[in-house]
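Hi,

Here is the model I said I would pass on. Have a look at it first, and my notes follow below.

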Amino acid sequence: MTLNRLLKALVLCPTLLLLAFAARSQKTVTGKITDEKGSPITGASIVVKGGKTGTTTDASGNFVLNVPSTATSLTVSFVGFTPQDVDISSSSSVNVSLAPDNSSLTDVVVIGYGTAKKKDLSGSYSTVTAKNFNKIPSTTPDQLLQGKVAGLQVTVASGAPGAPASVKIRGNNSIRSGTDPLYVVDGVPLDGRSARPGFISSVSGLGTMPDANPLTYLNPGDIQDISVLKDASASAIYGSRGANGVVMITTKTGAAGPARFDVGTSWSIGGLMKQPDVLNASEYRTALAKYGASSDSGASINPFDAIIQHKLSQNYSVAFNGGGSENSRFRASFFASKFPGLVDKTALNKYIGNINGSYKFLDNKLTLKFGLTAANTKEQIAPISNDAGSTGNLVSLAMQWNPTLLLQRSATDYTVNPNGQINPALLSRAYNDYAVVTTLLGNISAGYKIFPSLEYMFFYGVNYSSGTRGQELQGYITGTGGNADGAGLANTASAQLFSQTITHTLTFTKDFNDVSLTALAGYEYYATKYKWQASSVYQFDYNLDITDLVPIHYYDNMQDGEQANLTTSSSNDPTTELQSYFGRVQLGYKNKYIITASFRADGSTKFGKNNRYGYFPAVSGKWSVSDEGFMKNSKVFNNLALRVGWGRTGNQSFPSGSSQDRYQYTSYGSLSVVNFANPDLKWETVSSTNGGIDFGFLNNRLTGSIDVFFKKTTDPLFPGTLAAPANSGIIWQNLAGYVTNKGGEIGLNWQIIQGKNFSWSISPTATYVVNKFVYPEAGSGPMVLTGNLNGKGTSATYVQAIANGQPVDVFYLRKFYGFDKDGFSITDDSATYNGDPNPRWIVGFGTELDYKKWSLVINMHGAFNYVIYNNTLQSVTGLSFITNGSNISKTLINTTESVANPVSASTRYLYSGNYMKMGNVTLSYRMGDIGKVIKNASVYFTGVNLFSITKYPGFDPEVNVSKADINSTGIPSIGIDYVGYPTVRSFTLGINLSLGN
């Protein structure tokens with residue numbers, strides 16, 4: 001036993017001595033890291049200067065670090081702030097306030113198939129982080145950028161929950177649809193379509209419901225930042241899909257440091273941003289007397305009250321940060337929301353789960369990452385379309401209803417309008433429409449550093465979405481037209497969307513003294529497939545009397561419908577496959593001169609066998625003038641850089657199988673042509689040239705960029721027809737014409753005041769774009785008429801054109817000169833080109849004021865120098881309609897127009913679309929830590945769509961309605977306003993906080 005004790009002592013003593021020596025050779029440093037406003041910074045990096053020992057701050061900004069006793073200084077850093085060295089030679093406790101790095105040149109931003117420092121970018125990029133998003137209860141991420149990025153036009157033309165937004169980067173590139181940018185989420189390129197089945201009703205007059213927003217399944221609270229690749233030198237790495245620019249969405253990842261829960265909740269309530277421009281009961285009675293009409297029914301009502309609801313929206317989110325290190329990060333989140341719309345029986349409920357992780361192994365040589373988003377959305381849809389016929393939609397019916405006529409006398413007694421107009425309250429009750437979509441978006445990647453300078457990366461991404469929809473019109477309502485008139489109608493539909501991406505890349509990064517080199521080579525395979533099926537049946541034998549209703553929806557009981565009236569249809573699009581080879585080289589010299597070149601070859605099954613591959617080169621350069629010797633001591637510029645770039649991108653956003661002979665069976669034994677084959681069909685190609693200046697003044701408190709650009713779209717795709725005596729049907733072809741967009745943009749960020757207790761910043765943006773279509777073969781007349789009007793008196797009326805030398809969708813109308821002595825319109829005998837629907841100017845303005853723990857953020861956006869056609873005024877609230885008991889627009893009362901003046905399209909209905917909208921205002925208060933568990937608590941109050949400064953008399957000048965063209969070639973219209981879902985003004989109260997130790 002004595003020997004054993006002796007041996008233990010011999011072993012233990014040196015160990016204790018080593019531990020004692022180690023303890024004496026180290027010291028513990030504690031501290032807290034905050035921003036300039038005193039708010040804690042979570043995840044800030046603290047490293048011993050000149051060494052590798054380090055840690056990160058927790059949710060309260062605190063840290064504890066054991067450092068060598070010889071250490072005298074720590075380096076504290078965080079993205080977006082200026083790194084700071086802190087002296088610890090005479091203190092073991094430090095409190096550090098980091099100053100914002102206003103230049104943000106050291107920020108790492110996401111680019112195609114990689115990342116880069118902002119100062120190394122030679123193309124035209126813009127990145128908006130979560131901190132600078134629009135502070136709104138958004139159901140889709142595209143609205144977060146409205147007014148935030150120069151060159152980006154985001155138009156939200158509908159107040160419906162989850163409504164699609166039109167997104168254009170530097171103008172309208174094509175004469176067709178498919179002008180939205182490519183969206184890439186965490187490296188996964190999206191198909192751009194939604195699996196929510198389209199509207200399939202055979203009820204005449206109700207029109208086609210707008211499509212769903214394809215980004216609905218994303219939780220805006222999960223998004224870390226959004227990068228916009230604007231010019232071809234930036235987006236050419238995406239080749240055939242980059243013609244309309246690229247929007248790259250990066251979701252949040254787990255942060256290093258202690259585990260914590262981030263919790264958020266908000267409640268919203270809304271109302272009309274602007275009341276409808278129609279007469280109230282008193283004004284209507286005065287008008288009846290003026291025009292000799294006899295439709296006074298004695299009541300005084302607001303018909304909109306019958307279709308408007310004011311329900312509370314609710315949002316709840318929780319995110320778990322796994323408490324990882326720099327080499328091991330994990331995050332999981334869940335989001336649930338109930339978003340009732342302003343119009344009765346409209347809503348969007350969302351349930352979204354997200355997990356992602358990042359892990360490093362083998363001395364950081366192997367990196368594994370994964371991400372998965374699972375979402376379920378349920379949408380309730382009202383009969384509000386942008387192309388309803390004379391029967392009208394829910395909104396137009398409410399606008400037209402006689403305000404002296406009751407809508408309803410009891411729960412089962414609805415007024416029948418003597419003029420035959422459908423009762424909007426009854427239509428709302430009889431119509432039901434629900435769509436449910438389940439989506440999975442996932443990715444997994446593995447990267448291995450073969451050498452310190454060479455890394456291989458494998459990436460797999462998948463997007464699967466499945467949707468169902470049920471729609472009915474109960475049989476107790478009559479007057480809607482079509483086979484459902486008094487008989488009942490039901491539709492059911494389903495759709496599936498599946499796309500996948502496999503990518504292999506090799507990246508070489510090396511510094512050679514004054515030369516830096518980054519080279520990328522890659523291969524990618526992408527495939528996407530879409531299919532749908534639908535059934536429709538009319539004539540049911542129950543719910544034909546409103547006093548005897550059975551609580552069973554028609555679409556849940558299709559077998560009860562008259563089977564002789566059952567129709568079915570289905571479609572299975574050919575799979576679109578894309579095989580790509582690409583590469584990029586970035587060469588820098590002395591951090592002053594940067595040249596970037598990229599090349600991509602895309603082979604697509606969409607194109608003809610003679611043009612299977614397209615080739616997309618790009619090159620750009622940047623000169624950092626402020627890093628030159630003669631600028632080192634400049635007292636004016638902190639940063640000055642010149643950029644120039646050129647590139648070529650493609651557009652393949654048109655139906656799959658368009659280069660092949662395609663047929664479809666329309667009924668038993670009946671075969672029709674979808675399109676004829678064209679073996680020479682090829683890409684729509686956009687060539688883009690860009691020049692830019694990046695600058696920083698006043699110690700980078702005033703920073704910004706100015707760009708000028710010119711884009712030319714050649715070989716525009718167009719669905720034409722074969723010359724007689726060939727069979728009827730379309731054939732896709734490339735026109736010899738082209739589309740140009742030229743202009744400039746500016747984006748600024750000015751920290752006007754930057755003090756300890758008070759700061760004020762502004763961030764204005766402005767974009768100028770001139771659009772033109774050139775096709776000499778078309779001659780001086782229109783190549784295609786588009787902009788088909790809808791409503792009373794507008795059958796087969798087209799007010800826009802695609803024409804040589806004119807902007808896309810130029811208005812083509814007879815000029816209006818006023819009224820003659822009898823009150824009839826005076827117009828030209830023939831139509832001429834009379835107005836551009838494409839805004840020349842797109843502007844945004846943001847400002848933030850901070851005082852101690854208070855913060856006020858204001859964001860505005862607008863558009864100028866364009867015109868809108870008021871189809872609503874012409875076909876819904878026109879003066880002549882008062883003679884049959886319908887309401888009319890207030891703007892018509894003091895005109896000399898006769899009630900006998902017929903409905904006729906002319907420049908009379910063209911209005912300036914100029915507007916500036918108060919998009920959102922947010923007041924927040926940072927409460928900070930509460931007790932030992934609640935961290936970083938804050939409360940905020942937000943107002944959205946508070947007002948719009950405009951002379952336009954409609955609901956909202958922010959219009960994006962697609963009207964059919966005369967040949968049904970799928971060419972969309974621009975700038976026609978026709979009774980869509982009205983814009984909603986909402987107010988939100990929200991709370992955010994973290995839970996942790």
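This is a predicted model: local features need pLDDT of at least 70, side-chain atom pairs count only at pLDDT 80 or more; totals for chains, interfaces and linings use all residues.

Residues are numbered from 1 along each chain as its sequence is written, and side-chain values use heavy atoms, with hydrogens and water left out.

Strand E38 (residues 730-734) has parallel pairing with strand E34 (residues 670-676), through two bridges. Across that pairing, Asn-675 faces Ile-730 in E38. E38 also pairs with strand E37 (residues 717-721), this time antiparallel and over five bridges; here Phe-718 is opposite Gln-733.

Further along there is an open, antiparallel sheet of four strands, ordered E41-E42-E43-E46. E41 (782-788) and E46 are at its edges with a single partner strand each, so one side of each has no neighbour in the sheet. Inside the order, strand E42 (residues 798-803) and E43 are joined by two antiparallel bridges, with Ala-801 standing opposite Val-810 in E43.

Rings and charges

Searching the whole structure gives 25 aromatic pairs. The criterion is that rings of Phe, Tyr and Trp (its six-membered ring) pair if their centres lie within 6.5 Å; planes under 30 degrees apart count as stacked, over 60 as edge-to-face and the rest as tilted. Phe-540 and Tyr-542 are edge-to-face, because their centres are 6.4 Å apart and their planes at 85°. For accessibility, buried means under 20% relative accessible area, exposed over 50%, and partly exposed in between (1.4 Å probe, protein chains only). Phe-540 is buried at 4%, and Tyr-542 is buried at 12%.

Tyr-812 and Tyr-833 make a tilted pair, with centres 5.2 Å apart and planes at 45°. This pair links distant parts of the chain, as Tyr-812 is in strand E43 (residues 810-813) and Tyr-833 in strand E46 (residues 832-833), 21 residues apart. Tyr-833 is partly exposed at 24%. There is also an aromatic cluster made of Tyr-113, Tyr-238 and Phe-582.

Two charges sit over rings (NZ of Lys or CZ of Arg within 6 Å of the ring centre and within 35 degrees of the ring normal): Arg-241 over Tyr-526, 4.9 Å from the ring centre, and Lys-792 over Phe-881, at 4.8 Å.

Asp-602, in strand E30 (residues 593-604), is buried with a relative accessible area of 0%. Its side chain makes a polar contact with that of Ser-580 at 2.4 Å. A polar contact is a pair of N or O atoms within 3.5 Å; within protein, one must be able to donate a hydrogen and the other to accept it, and residues adjacent in sequence count only if both atoms are side-chain atoms. Leaving aside neighbours within four places in sequence, Asp-602 is in contact (heavy atoms within 4.5 Å) with residues including Tyr-238, Arg-612 and Trp-683.

Which phi does Leu-698 have? It is positive, about 50°, although Leu-698 is not a glycine. Leu-698 lies in the loop between strand E35 (684-697) and strand E36 (702-714) and is exposed at 53%. Asp-715, in the loop between E36 and E37, has a positive phi of about 55° and is partly exposed at 23%.

Cheers

Key: Two strands pair if DSSP finds at least two bridges between them.
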